[in-house]
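Hi everyone, and thanks for coming. Today I'd like to walk you through part of a structure that may be new to you. Here it is on the screen.

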Amino acid sequence: GSSTVICTDKTGTLTENRMTVQEYQMANSRKIDISETDETITLITKTDTLTDENIQRLLRVSFLCNESSYQKQADGQHKSIGDPTETALLAAAEKFGMDSETERSVYKKLREFPFDSTTKRMITVLQDKDCLTFAAMKGAPGVILDLCDKYISLDGTTVSLTEEKHADFLKLNEEMASRALRVLAFADKNIKDSVDADSDEIIQQNYTFLGFVGMSDPPRIGVAEAVENAQTAGIRIVMLTGDQINTARAIARKLNLSEGAEVFALHSSEMSESSGEKLAEMARRAHVFARVSPEDKLRIVKALQGAGEIVAVTGDGVNDAPALKQSNIGIAMGMRGTEVAKEAADIVLTDDNFSTIVGAIEGGRTIYANILKFVHLMFAENLAEVLVIFAAIVIGLPLPLLPLQILWINLVTDVFPALALAVEPSSPETMRRKPHSPNESMLSRNFMFLIFWQGLMLAAIALAAYLWALNEYGAGKHARTIALLTIVGVQLGHLFNCRSRSHSAFKGFFSNPYIFAAVGIVFVLQIFAIYFSPLAEVLEIVQPHSTDWFVIGLSLSLPIVIVEIVKAFKSK
């Protein structure tokens with residue numbers, strides 16, 4: 001409930017983690033659009049596509065430089081295993097009539113350089129049935145282009161990759177990323193002999209650039225609304241992603257992370273060049289961090305904490321554990337998270353959905369608010385009891401309550417109404433308030449003043465009823481019975497006042513049925529105490545007259561009427 005910033009991963013938390021290939025941008029300047037619902041290739045025919053060497057080579061890289069599997073079942077459904085980005089590449093290749101498993105059986109894998117957050121690329125060295133060796137590479141566009149010195153031109157020939165053409169390809173990548181597409185680049189190279197295949201240096205240079213693939217991962221349903229709710233509650237959402245900065249900025253714009261302002265996005269390289277107060281200031285302003293590694297995530301959390309923020313952070317990998325441990329609230333992904341991440345976190349998110357995090361914050365705030373309502377009720381009621389007895393002693397009146405009667409009041413009126421307040425539903429203003437500071441005292445000066453004057457009010461009403469009873473019946477059991485029942489009455493009336501300090505007791509009057517159940521239980525127990533003779537003798541109470549019931553009923557309604565007048569006056 002105190003969170004001021006949520007640092008959230010993009011893929012699978014803000015988005016559906018359902019990657020779909022939308023388009024191919026070939027090195028030879030051809031573009032191929034693929035509809036998610038239509039199994040046909042929309043801009044050029046399948047026949048024409050499969051005679052294009054550029055697309056053939058790119059498709060070959062997409063399923064050979066790939067650890068996932070994508071198989072058609074007997075019932076016509078598809079079974080995919082592995083990373084959603086890689087399975088999307090296999091699904092797209094199938095639209096061209098290529099079965100990845102059949103195609104892979106032709107090639108023998110010799111070596112592999114797995115993808116990691118440092119290199120931002122994956123390389124696989126393979127050999128075909130004719131014993132020809134080649135390397136396939138995919139990864140971040142800038143990284144892949146830097147490792148290429150050739151590309152396929154429009155006429156199908158391989159030409160040198162000039163600085164001008166390199167810049168053109170980077171512009172094309174930026175244009176795709178600005179449309180919220182996740183962009184991967186593809187390249188390959190032929191390898192002359194086994195000596196070259198064993199050389200790490202040779203394997204990692206002089207590739208032929210083949211083109212880009214643009215993928216989309218749509219935002220989860222309800223995430224935009226959850227982001228808005230969090231922002232209304234004074235919580236800033238910061239997106240952490242491994243995507244390039246333009247893609248991240250476009251998605252942040254879609255989800256309105258900047259609340260209508262220009263999206264302030266930072267690349268991880270900008271962070272590495274900053275430290276101390278400068279980094280804290282950048283972290284406090286940023287809506288997006290792109291190309292983030294687990295080490296960057298830890299630095300971001302520390303920088304935000306250094307700026308005085310209460311930070312919740314999401315994570316799923318083994319390397320996310322330090323950031324989860326460092327944060328004020330570590331949130332591990334329950335579906336795709338590792339056991340290490342779950343152990344390091346404070347909370348496990350079972351559905352990996354950002355909306356659930358905001359729901360949890362609302363739940364946390366509701367619990368805190370209900371604790372305050374509970375304290376409000378307990379302190380005001382017990383203060384009223386103390387003041388009634390103290391005032392009677394000071395004035396010189398007979399004691400209004402006996403020890404067993406005080407015990408009975410505390411047993412009956414404290415337990416059930418307090419439990420009912422503990423399950424009070426979230427009020428509309430719960431997510432409109434700013435986060436409360438964890439260093440803030442629960443018993444603030446204003447809150448203590450509220451408890452004092454309301455306790456004084458309850459005591460005054462009960463004491464007035466007792467004075468009336470003394471005048472009517474004299475000192476003894478009857479007057480004490482009226483004192484006991486009016487104290488129970490004012491406390492039941494005050495129960496409704498404690499549901500909200502600002503709103504009327506009649507707003508959402510029936511939203512918590514447990515309140516009425518508690519009142520009903522207290523009423524039944526009190527009637528039982530009056531009319532069950534053995535208990536009445538122990539408590540030394542008598543059966544009230546009809547006029548007494550009117551006074552008791554008035555004592556129940558008066559606290560509500562008085563507090564409602566005060567609330568109305570304050571609101572005006």
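Let's start with S8, which is mostly covered, with seven of its seven residues buried. Buried here means under 20% relative accessible area, exposed means over 50%, and partly exposed lies in between, with a 1.4 Å probe and protein chains only. Strands are DSSP runs of E with at least two residues, numbered from the N terminus.

Before we go on, this is a predicted model, where local features need pLDDT of at least 70, side-chain atom pairs count only at pLDDT 80 or more, and totals for chains, interfaces and linings use all residues. Residues are numbered from 1 along each chain as its sequence is written, and side-chain values use heavy atoms, leaving out hydrogens and water.

Back to S8: Thr133, Ala135, Met137 and Gly139 point one way, while Phe134, Ala136 and Lys138 point the other way, and all are buried.

Which strands pair with S8? S7 does, antiparallel, over seven bridges, and so does S11, also antiparallel and over seven bridges. Two strands pair if DSSP finds at least two bridges between them. Met137, meanwhile, faces Ala187 in S11.

In the hairpin of S7 and S8, five residues lie between the strands, and Cys131 takes a positive phi near 65 degrees.

Now S11, residues 182-191: eight of its ten residues are buried, so the strand is largely enclosed by the rest of the structure. Seven bridges also join S11 to S12, running antiparallel, and Phe186 has Gly211 in S12 as its bridge partner.

Note on methods. Helices (H or I, at least four residues) and strands (E, at least two) are DSSP runs, numbered from the N terminus.
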